[in-house]
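Biologist: I would be grateful for a close look at a single part of this protein. Please set that part in the context of the whole chain.

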Amino acid sequence: MTTLLTILLVATSFLLVVLVLLHKGRGGGLSDMFGGGVSSTLGGSSVAERNLDRLTVGLGLIWSACIVALGLLYAYGA
């Protein structure tokens, strides 16, 4: 169980780094990389950016759950 959680933690850590780097900074972002600035905007962000936000938050929750689970497993010696 510990090995599986460790592998999941490493994979989610790598994916979180990639997803955060894809987010829009001061300049472009994912939407500019794939469409110029032609995307339709609702509330200031494109559909791609909103989906990227959701994916990043979901992956962050999985990452946090792995940290907590590994901490409990190490604390109680399972």
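Modeller: A helix here is a DSSP run of H or I with at least four residues, and helices are numbered from the N terminus. On that basis, helix H1 covers residues 2-22, and Leu15 is found in it. The model is a predicted one.

Together with Phe14 and Val18, Leu15 forms a nonpolar patch on the surface. The accessible area of Phe14, Leu15 and Val18 together is about 270 Å².

The C-alpha atom of Ala11 is separated by 9.1 Å from that of Trp63, a residue 52 residues apart from Ala11 along the chain.

As for the whole chain, the secondary structure comprises three helices and zero strands, in the order α-α-α along the sequence. Among contacts with a separation of 6 or more, 73% join residues 24 or more positions apart. The protein has 78 residues, of which 22% count as buried. Its accessible surface comes to about 5500 Å², and carbon and sulfur atoms contribute 72% of that surface.

How values were computed
Residues are numbered from 1 along each chain as its sequence is written. This is a predicted model: local features need pLDDT of at least 70, side-chain atom pairs count only at pLDDT 80 or more; totals for chains, interfaces and linings use all residues. Side-chain values use heavy atoms; hydrogens and water are left out. Patches are made of residues with over 30% relative accessible area and no salt bridge: like charges are joined within 9 Å, nonpolar side chains (Val, Leu, Ile, Met, Phe, Trp, Tyr) within 5 Å. Accessible areas come from the Shrake-Rupley method with a 1.4 Å probe; for residues, only the protein chains shown count as cover. A salt bridge is a side-chain nitrogen of Lys or Arg within 4 Å of a carboxyl oxygen of Asp or Glu. Helices (H or I, at least four residues) and strands (E, at least two) are DSSP runs, numbered from the N terminus. Buried means under 20% relative accessible area, exposed over 50%, partly exposed in between (1.4 Å probe, protein chains only). Contact means heavy atoms within 4.5 Å.
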